[in-house]
Amino acid sequence: MPGAHAPRLPWDQLLRLARSDGRLVADSFTPPIPPTLEEIPSDLHSSVLQGLRSLGVSHLYSHQAEALQAVFHSPIIVTTSTASGKSLCFNLPTLEVLCRDPKARALYIYPTKALAQDQARALQAFALQHRIRPAIYDGDTPKQARAEIRRSSNVVITNPDMLHLGILPNHQSWAQLFSNLALVVVDEAHVYRGVFGSHVANLLRRLRRVASAYRTSPRFILTSATIANPIQLAQRLTGLDDFTLIDVDGAPSPARQIAVWNPPIIDRRLGSRASAIGEAAQIIETLVSEGARVICFVRSRKAVELLTRLVRDRLLSSDPHLSQLVVPYRAGYTPQQRRELERRLVVGEVRAVISTDALELGIDIGQLDAALVVTFPGTIASLRQMWGRAGRRSTGLSLYIAGEDALDQFFARHPHQFLERPVESVILNHLSAQVHLPHLLCAAHEAPLSAEDERFFGPDLHSCAEALVSAGKLRGRDQHPRTPGQLQARSYVPVRPGEYPAASISLRSASAGSFDIVQLHSGELLGSTEEERAFATVHEGAIYMHLGRQYQVVALDLQRRRALVAPFDGDWYTQPKIQTEMVIERLHQGRSALAVQLCFGEVCVTQTVTAYARKRIADHSQLDLNTLALPQSSFQTQAVWFQLEVALAEIPLQAMLSALHATEHAQIAVLPLLAMCDRWDIGGLSTNLHPQTSSPTIFIYDGYPGGIGIAEVAFARFEELCANALRLIAECPCEQGCPSCVQSPKCGNLNEPLSKHGAQMLLESMCGGGTPLGCT
């Protein structure tokens with residue numbers, strides 16, 4: 001804690017009161033850390049030195065100097081803390097190269113438009129307009145400006161979607177860029193995980209291949225939040241092997257107060273707690289009234305608007321002027337609205353900003369005092385990234401407010417372990433057939449595929465191309481031998497070269513098929529959803545969330561593959577009832593673990609949405625159940641499964657299915673502790689007699705076609721998974737099971753039947769050991 005004579009901070013009284021009534025379950029204080037500085041290399045180009053002077057930069061942080069030296073010898077990934085000046089790690093080498101070679105080009109890839117705008121401003125601040133010509137090329141770029149960008153810009157700032165849809169398929173129009181491409185910067189690389197990361201990994205391989213066709217081999221510079229596997233992530237994203245890791249942070253770190261806040265229990269029997277949003281409103285009001293500048297992160301656009309209104313209403317009676325300085329920031333703004341709000345943030349015209357994760361990433365939003373995170377954001381890496389937004393210049397407050405979700409309450413019961421948890425590993429699977437094969441088809445449209453392309457796409461390129469031949473997408477043709485005696489090698493070209501396959505690939509979906517979501521009255525296309533998720537998420541009557549706004553599905557048109565929706569503002573939500581069947585298709589691995597034989601492999605999941613329940617938002621009580629008549633949907637994915645005869649020996653037969661079901665829920669709830677994922681990325685099935693295993697079995701599977709590696713982590717770390725699930729259940733104070741332990745917000749059986757006691761018995765039996773059984 002700060003010393004006795006430390007100056008009073010805006011949150012001192014707030015934390016003191018919360019400590020006394022039990023809401024503050026943990027807090028700690030980290031002292032400031034001074035910077036480690038290095039001299040700016042004197043041999044940098046004179047224009048670069050001048051640009052640094054114009055910014056008032058007299059020294060480099062040690063990691064910036066290290067990156068500047070390393071990048072000219074190998075690709076690099078920089079994983080220092082939030083606000084540590086990572087952008088200078090790639091801007092300096094970029095400026096150095098472009099100043100020394102007027103023909104050179106650089107490509108910056110950002111996951112969001114706001115980050116691209118921020119980086120354009122950062123480059124312009126060097127005042128090197130006579131040498132550096134940065135330009136943003138995204139969906140907001142006026143069409144009349146695009147030709148000039150292709151022709152003359154030497155720093156093109158874009159995003160994966162534009163690279164996929166606009167640049168690579170039209171690389172002939174970008175010959176000036178690719179013929180002189182010296183550097184590729186991939187900022188916020190930790191964002192590229194799961195399905196999105198798997199797509200981007202294929203996209204970057206296509207980028208390297210197109211550059212090679214123009215006889216360039218650009219240097220790659222990646223930056224990331226702190227993660228457990230930075231080198232592995234860099235290698236999997238780019239396909240390059242010799243990355244140098246820059247992870248020793250030389251930037252100063254201000255003093256920081258870290259606190260974990262758990263809303264009080266309001267019904268012990270049901271295990272329900274006070275609203276995390278309501279607690280956040282009270283905290284923000286207090287901090288703003290005490291003179292603090294605050295950022296608060298919540299998980300949906302609707303929560304952003306609700307919390308903003310609550311804080312403004314609370315401030316209105318005490319200080320109407322302050323109430324107008326509380327603003328929301330979320331997706332859905334026009335470009336002009338977004339840039340104006342970012343300007344107000346930078347210059348300090350607002351006192352509190354309520355945001356979705358749009359501001360989690362490295363946008364410069366000026367000096368803030370406190371960063372609040374309402375409910376767990378999915379990963380420790382994201383939490384620390386959000387916390388790092390505040391206290392950049394002086395002592396800051398980093399506060400986490402737990403919700404009633406199982407993982408939130410697990411952390412609230414173990415706050416010190418939570419604060420000390422290592423960051424997670426980023427998971428992606430770029431070779432998943434559902435992701436990889438469509439990108440190979442795109443690559444073939446960009447240039448014929450041949451054996452030489454194995455250096456980009458791997459040794460299985462031939463078999464994957466043949467699969468596309470069998471599907472009628474590619475055709476093989478023989479190449480003439482290059483040297484006498486050399487065997488003829490096959491190349492592959494599109495069957496229909498006039499098509500545009502990139503348009504059929506969504507970088508955020510593993511499914512080739514999709515359903516459009518259309519506003520009924522305006523005809524506006526709001527978005528789309530994967531084919532395998534459509535019946536569960538946009539069935540007739542479903543309440544659907546888009547950009548945080550609620551809509552009700554009026555009709556699901558199966559023939560035209562679209563859902564017609566209308567705005568909705570009711571006080572209830574829907575949850576589908578789903579019948580799931582599981583077929584084991586291929587066993588990859590098996591091992592003995594915790595009285596069971598654990599298996600990992602490929603499965604086919606078949607689901608039928610049979611009904612949906614309407615539930616009241618306030619207390620989750622069921623209003624009614626409505627039947628549906630929808631066809632089955634199936635997809636192949638990866639799963640981990642285990643059979644439970646021995647572990648179930650002491651559990652009565654009538655309680656078996658309830659115990660299995662509750663165990664499955666608990667394991668899915670804590671799996672994000674081990675893998676960088678969300679519980680909505682995971683599916684499960686528990687059955688007291690599976691036809692292929694002939695025994696009680698629990699399956700946990702990746703919720704995306706082809707799988708993205710989550711089940712594989714569960715297989716490798718099964719013992720930890722079970723131990724965490726047991727702790728989650730045993731320590732929850734509820735009597736029968738609640739949303740903080742075994743109830744799931746996504747259960748296809750509407751959380752029936754469940755036995756908290758039976759799941760605890762089962763997991764205790766497993767963790768106590770036993771004789772493993774054979775794998776089917």
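Glutamate 285 counts as buried, at 16% relative accessibility; here buried means under 20% relative accessible area, exposed over 50%, and partly exposed in between, with a 1.4 Å probe and protein chains only. Glutamate 285 forms a salt bridge with arginine 314, and their closest N and O atoms are 2.8 Å apart. By salt bridge I mean a side-chain nitrogen of Lys or Arg within 4 Å of a carboxyl oxygen of Asp or Glu. Arginine 314 is partly exposed, at 36% relative accessibility. Glutamate 285 lies in helix α11 and arginine 314 in helix α12 (residues 301-316), so the pair ties together parts that are 29 residues apart in sequence. Helices (H or I, at least four residues) and strands (E, at least two) are DSSP runs, numbered from the N terminus.

Before I continue, a word on the basis of these values. This is a predicted model, in which local features need pLDDT of at least 70 and side-chain atom pairs count only at pLDDT 80 or more, while totals for chains, interfaces and linings use all residues. Residues are numbered from 1 along each chain as its sequence is written, and side-chain values use heavy atoms, with hydrogens and water left out.

Let me stay with charged pairs. The structure holds 22 salt bridges. One of them joins the side chains of arginine 8 and glutamate 290, at 3.2 Å from N to O. Arginine 8 lies in the segment before α1 and glutamate 290 in the loop between α11 (276-289) and β14, so this pair ties together parts that are 282 residues apart in sequence. Arginine 8 is exposed, with 56% relative accessibility, whereas glutamate 290 is partly exposed, with a relative accessible area of 38%.

Another salt bridge brings together the side chains of glutamate 148 and arginine 151, at 2.6 Å from N to O. Both residues belong to helix α6 (residues 143-152), where they are three residues apart, about one turn of the helix. Glutamate 148 is partly exposed at 39% relative accessibility.

In what order do the seven strands of the open sheet run? The order is β1-β11-β18-β17-β14-β16-β15, and the pairing is mixed; two strands pair if DSSP finds at least two bridges between them. At the edges are β1 (24-30) and β15 (326-329), each of which pairs on one side only. From one strand to the next, the twist averages 15 degrees. Helix α1 (residues 12-21) packs on the sheet, where it touches β1, β11 (256-261) and β18 (396-401), and its direction makes about 35 degrees with that of β11. Contact means heavy atoms within 4.5 Å; axes are lines fitted to C-alpha atoms, for helices over the stretch in contact, and angles run from 0 to 180 degrees between N-to-C directions. Within the sheet, strand β14 (residues 294-297) pairs with strand β17 (residues 370-374) in the parallel sense, over four bridges. Isoleucine 295 stands opposite alanine 371 in β17.

Glutamine 119, in helix α5 (residues 113-124), is buried with a relative accessible area of 4%. Among its contacts beyond four places in sequence are Ser87, Tyr108 and Ile157.

On cysteines, how many disulfides are there? The count comes to zero, a disulfide being a pair of cysteine sulfur atoms within 2.5 Å. For cysteine 738, the nearest cysteine sulfur, that of cysteine 732, is 3.5 Å away. Cysteine 738 is buried at 1% relative accessibility.

Finally, the backbone. Most residues other than glycine have a negative phi, and most peptide bonds are trans. The peptide bond from glutamate 752 to proline 753 is cis, with omega near -15 degrees. Serine 694 has a positive phi, near 55 degrees, and is found in the loop between β30 (682-690) and β31 (695-702).
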